[in-house]
Amino acid sequence: MPLQSVDKIWMDGELVAWEDAKVHVLTHALHYGSGVFEGIRAYHTSQGAAVFRLTDHIVRLFNSAKIFMIDIPYTVEEIVEATKETVRVNNLDSCYIRPLVYLGYGEMGLNPLPCPVNVSIAVWPWGTYLGEEGIKHGVRMKISSWQRHDPNAMPPAAKGTGMYINSSMAKVEAIKAGYDEAILLSPQGFVSECTGENIFIVKHGRIVTPPVSAGALEGITQDSVRTIARDLEIEYQEANILRSDLYLADEAFLSGTAAEVVPIRSVDDRELGEPGPITRRIQETYFATVKGEVDRYKDWLEHVNK
Ligand code: PY5
């Protein structure tokens with residue numbers, strides 16, 4: 001899906017024209033993946049565009065930076081405001097939002113401490129990440145031959161730009177083999193997560209998702225699914241999942257900001273079939289929530305015009 005350009009991108013405190021949002025070829029992050037980022041979505045609501053759990057995402061951005069010892073030269077509040085401003089000036093009703101903190105131009109050694117820290121916030125219209133068909137009827141998954149990061153090699157709690165080479169390799173492998181998306185196992189052999197999504201199975205009426213200790217990012221959509229499940233009185237548990245648990249699940253689905261909530265229809269060609277009732281209820285509530293249609297979750301929406 002080619003990028004759809006908009007008017008402005010926020011770069012280090014200024015709104016610059018989309019085509020001028022450029023960096024030098026000797027930008028540290030381009031060579032070593034020394035950056036952290038977030039993926040956020042703004043949705044159309046009856047009161048205009050609203051960003052879903054914006055502050056939670058920006059707090060996670062700062063936590064990622066803390067893990068890598070990158071000092072962001074702004075406060076959480078400043079980045080929250082800058083994000084709203086960027087959505088506002090581009091006149092977008094709904095969009096994807098990509099804040100990026102990266103080590104810039106000036107040093108080429110591996111010691112990142114003297115590098116300048118740059119911050120940008122880009123927004124663009126981005127439709128369904130795994131396709132409309134996937135949202136309706138489910139996606140076909142393949143367990144990757146690539147493992148998720150060992151926590152002592154790469155910290156899964158951080159959204160580090162360089163870490164995503166692992167996800168990209170798994171994605172390419174899955175697509176080349178004719179699947180929609182990959183599932184990665186932890187070095188210990190437990191199910192971890194997908195290339196950019198958390199994973200859930202449903203067994204005997206209970207939702208189970210892997211713990212952070214299996215190498216999964218603590219997803220904000222995953223946290224929303226947990227809250228929605230509990231409010232719908234669906235049992236929800238964090239526990240280790242084996243590969244065979246995926247094959248024998250009653251239902252399975254994945255969640256992420258870009259992907260949203262997507263049913264899984266097969267894993268390694270073991271058919272789970274059309275989306276099941278629990279997946280559907282979670283998915284429907286999630287889509288109503290992000291549009292501001294569910295009163296109890298109104299606080300999750302941060303309106304850009306307020
Ligand atoms: N796990 C990984 C590895 C992720 O990259 C993401 C988000 C998630 C889980 C889900 O987290 P959340 O629910 O907080 O979004 N991935 C990004 C996204 O914007 C990048 C995808 C291209 O969804």
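## Aromatic pairs

Rings of Phe, Tyr and Trp (its six-membered ring) pair if their centres lie within 6.5 Å; planes under 30 degrees apart are stacked, over 60 edge-to-face, and the rest tilted. By that rule, the whole structure holds 12 aromatic pairs. F52 and Y286 make an edge-to-face pair, 5.7 Å centre to centre with 85° between the planes. F52 lies in strand β5 (residues 48-52) and Y286 in helix α8 (residues 277-290), so the pair ties together parts 234 residues apart in sequence. Helices (H or I, at least four residues) and strands (E, at least two) are DSSP runs, numbered from the N terminus. Both F52 and Y286 are buried; buried means under 20% relative accessible area, exposed over 50%, partly exposed in between (1.4 Å probe, protein chains only).

The ring centres of W124 and W126 lie 5.6 Å apart with planes at 55°, so this pair is tilted. W124 is buried at 11% relative accessibility. W126 is partly exposed at 23%. Ring pairs also link F52, Y286, F287, Y297 and W300 into a cluster.

## Helix α2

Helix α2 (residues 54-67) has 14 residues. From first C-alpha to last it reaches 20 Å, close to the 20 Å expected at 1.5 Å a residue (1.5 Å times one less than the number of residues). Its buried residues include L54, H57, I58, L61 and F62. Just after α2, M69 takes a positive phi of about 55°.

## Basis of the model

This is a predicted model: local features need pLDDT of at least 70, side-chain atom pairs count only at pLDDT 80 or more, and totals for chains, interfaces and linings use all residues. Residues are numbered from 1 along each chain as its sequence is written, and side-chain values use heavy atoms, leaving out hydrogens and water.
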